[in-house]
Amino acid sequence: MTEATTHEDVRHYYGDVLRSTRDLKTGACCPTESMPAWLRPLLADIHPEITDRFYGCGSPLPPAVEGMTVLDLGCGTGRDVYLLSRLVGAEGQVIGVDMTPEQLAVAERHRDWHAQRYGYAESNVRLVEGQIERLDACGIADASVDVVVSNCVLNLSPQKDKVFAEILRVLKPGGELYFSDVFADRRIPAALRADPVLLGECLSGALYIEDFRRMLGQLGCADARCVSQAPIPLLDPAIEARIGMVGFRSMTMRAFRLDLEDRCEDYGQIATYRGSAPTLPHAFLLDDHHRFETGRPMRVCGNTFDMLASSRFARHFDLHGDKRNHFGLFDCASAAAGTDVTNGSCC
Ligand SMILES: C[S@@+](CC[C@H](N)C(=O)[O-])C[C@H]1O[C@@H](n2cnc3c(N)ncnc32)[C@H](O)[C@@H]1O
């Protein structure tokens with residue numbers, strides 16, 4: 001199966017086969033991970049035609065994006081684009097890239113509607129038809145994006161290493177990749193990967209989670225964090241019979257364009273959340289084992305410290321320490337144990 005065939009199969013599936021979320025055969029392209037409470041009210045201001053044609057598996061909408069430039073890879077009909085349009089505000093910008101014209105046409109149709117709804121003089125959304133493996137051809141310059149998001153798309157790419165390389169190229173230093181996707185608990189046999197329905201349903205192209213970490217590591221991104229995850233139900237007995245030996249999960253992952261270490265190391269550093277990120281007065285969730293309560297100092301490893309100190313999150317934290325003294329490997333502990341200065345918690 002060539003890359004062009006995969007693109008054509010996927011374009012056909014999302015352009016001609018699917019008409020609404022109800023046409024999906026499995027639970028893969030459905031939001032199995034629950035949406036964070038602070039985002040739910042915003043859905044009421046998304047046009048119903050868009051919510052009706054949403055095929056994402058999660059809610060890759062990170063906090064603290066006001067004024068940022070955000071790029072959505074495989075934006076489809078634009079649910080996340082328009083949620084982000086609101087979150088970045090009139091001073092920010094959202095770029096949506098998708099290769100299926102029928103999907104983009106729906107998003108385009110409601111561009112001005114959302115701008116009006118949000119009270120913007122003009123839309124802060126730009127929609128681009130193109131392939132996520134070729135962001136250069138979409139006019140996305142080096143180091144021009146603060147946050148890259150994507151919802152249930154990277155599994156569909158026949159050249160995932162190229163997509164991750166492009167993401168790291170377009171991100172500014174300290175910028176963030178925050179995406180939801182389908183991951184597999186093993187490598188999927190080639191014969192199943194070529195099946196257009198299993199592929200289109202976001203199953204057979206899913207990356208084995210350890211290969212995802214290796215791929216990012218080879219590109220110099222040594223520490224990707226899981227924010228949330230949920231099992232994916234296959235629902236259809238015929239699909240279960242073909243690929244039921246694989247365990248699928250929807251996972252929301254975050255990684256930064258930062259020079260991090262491959263293990264969590266202890267330098268005696270401490271981070272305290274100020275409670276200042278909009279809509280998050282009580283706690284800030286970095287990942288599934290770092291929940292920073294407002295005002296409560298937490299011991300962190302060198303990588304976590306850098307994720308907070310060298311990204312847009314820096315202004316929301318009091319950060320103490322540097323890397324002059326090294327105390328060995330960071331003592332990994334459960335999230336529950338890691339909420340005060342006497343207990344470390346890392347991956
Ligand atoms: C499962 S849908 C998700 C759409 C959207 N993110 C959402 O949450 O509703 C996958 C989308 O990715 C697009 N897509 C898949 N592979 C792509 C690629 N290589 N380049 C650009 N777009 C791609 C498809 O056209 C489709 O709109």
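The model is a predicted one: local features need pLDDT of at least 70, side-chain atom pairs count only at pLDDT 80 or more, and totals for chains, interfaces and linings use all residues. Residues are numbered from 1 along each chain as its sequence is written, and side-chain values use heavy atoms, with hydrogens and water left out.

An N or O atom in the side chain of Asp-98 is 2.6 Å from a ligand oxygen atom. Glu-133 places a polar side-chain atom 3.1 Å from a nitrogen atom of the ligand. Asn-151 uses its backbone instead: an N or O atom there lies 3.1 Å from a ligand nitrogen.

The protein chain is divided into domain 1 (3-256) and domain 2 (261-347). These bounds come from an automatic or database domain assignment. The domain centres, taken over C-alpha atoms, are separated by 28 Å. In contact (heavy atoms within 4.5 Å) are 18 residues of domain 1 and 25 residues of domain 2. The two domains bury about 1600 Å² between them, and 57% of it is on carbon and sulfur atoms. Buried area is the accessible area (1.4 Å probe) that two parts lose on being put together, summed over both. Ala-64, Arg-225 and Phe-256 supply 34% of the area that domain 1 buries against domain 2, more than any other three residues.

Side chains of opposite charge can pair when their charged atoms come close. Three salt bridges are found between the domains (a side-chain nitrogen of Lys or Arg within 4 Å of a carboxyl oxygen of Asp or Glu). Asp-287 and Arg-225 meet in a salt bridge through their side chains, at 2.8 Å from N to O. Nine residue pairs, both at pLDDT 80 or more, are in polar contact between domain 1 and domain 2. A polar contact is a pair of N or O atoms within 3.5 Å; within protein, one must be able to donate a hydrogen and the other to accept it, and residues adjacent in sequence count only if both atoms are side-chain atoms.

The structure holds 24 salt bridges. One of them joins the side chains of Glu-8 and Arg-11, at 2.7 Å from N to O.
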